[in-house]
Amino acid sequence: MSVVGYQVYSKNGDGAVRVVVSSAKQALAKADELAESGNDIQIKDLAGRIIDTATIIELAAHE
């Protein structure tokens, strides 16, 4: 069984926040929340591969 999960990163200056969530929908929601502060946002899978916005939206639509 494979583990599905995503890491949402928010970078601002010298600081960074990483949140681990279990679904693409949660990843999108957390990315939207963190983006409100104007920070750079990046979503990765648990293997560390960057997932582009279009892909994560597509994955969330099928959950």
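Guide: Val-8 stands opposite Ile-43 in strand 3, where strands are DSSP runs of E with at least two residues, helices are runs of H or I with at least four, and both are numbered from the N terminus. Before going on, a word on provenance: this is a predicted model, so local features need pLDDT of at least 70, side-chain atom pairs count only at pLDDT 80 or more, and totals for chains, interfaces and linings use all residues. Residues are numbered from 1 along each chain as its sequence is written, and side-chain values use heavy atoms, with hydrogens and water left out.

Back to Val-8. Contact here means heavy atoms within 4.5 Å. Skipping neighbours within four places in sequence, Val-8 is in contact with Val-17, Arg-18, Val-19, Ala-27, Lys-30, Ala-31, Leu-34, Ile-41, Gln-42 and Ile-43.

Now the strands around that spot. Two strands pair if DSSP finds at least two bridges between them. Strand 1 (6-12) is joined to strand 3 (residues 40-45) by six bridges, running antiparallel. Along that pairing, Ser-10 has Ile-41 as its bridge partner, and Tyr-6 has Asp-45. Tyr-6 also stands opposite Val-21 in strand 2. Strand 2 (residues 15-21) pairs with strand 1 over seven bridges, again in the antiparallel sense. The hairpin of strand 1 and strand 2 has two residues between the strands, and Gly-13 takes a positive phi near 60 degrees there.

Put together, the four strands make an open sheet in the order 2-1-3-4, with antiparallel pairing. Strand 2 and strand 4 (50-51) are at the edges with a single partner strand each, so one side of each has no neighbour in the sheet. Helix 1 packs on this sheet, touching strand 1, strand 2 and strand 3, and its direction makes about 10 degrees with that of strand 1 (axes are lines fitted to C-alpha atoms, for helices over the stretch in contact, and angles run from 0 to 180 degrees between N-to-C directions).

What about burial? Buried means under 20% relative accessible area, exposed over 50%, and partly exposed in between, using a 1.4 Å probe and protein chains only. Five of the seven residues of strand 1 are buried, so strand 1 is largely enclosed by the rest of the structure. Val-8 belongs to the largest nonpolar core, which has eleven residues, among them Tyr-6, Val-21, Ala-31 and Ile-43. Such a core is a set of buried Ala, Val, Leu, Ile, Met, Phe, Trp, Tyr and Cys residues joined through side-chain atoms within 4.5 Å. Strand 1, helix 1 (24-35) and helix 2 (53-61) each give two or more residues to this core, and helix 1 gives the most, with four.

Leaving out residues up to four places away in sequence, Asp-45 touches Gly-5, Tyr-6, Gln-7 and Ile-51.

Lastly, the charged end of Lys-44 sits over the ring of Tyr-9, 4.9 Å from its centre; the test is NZ of Lys or CZ of Arg within 6 Å of the ring centre and within 35 degrees of the ring normal.
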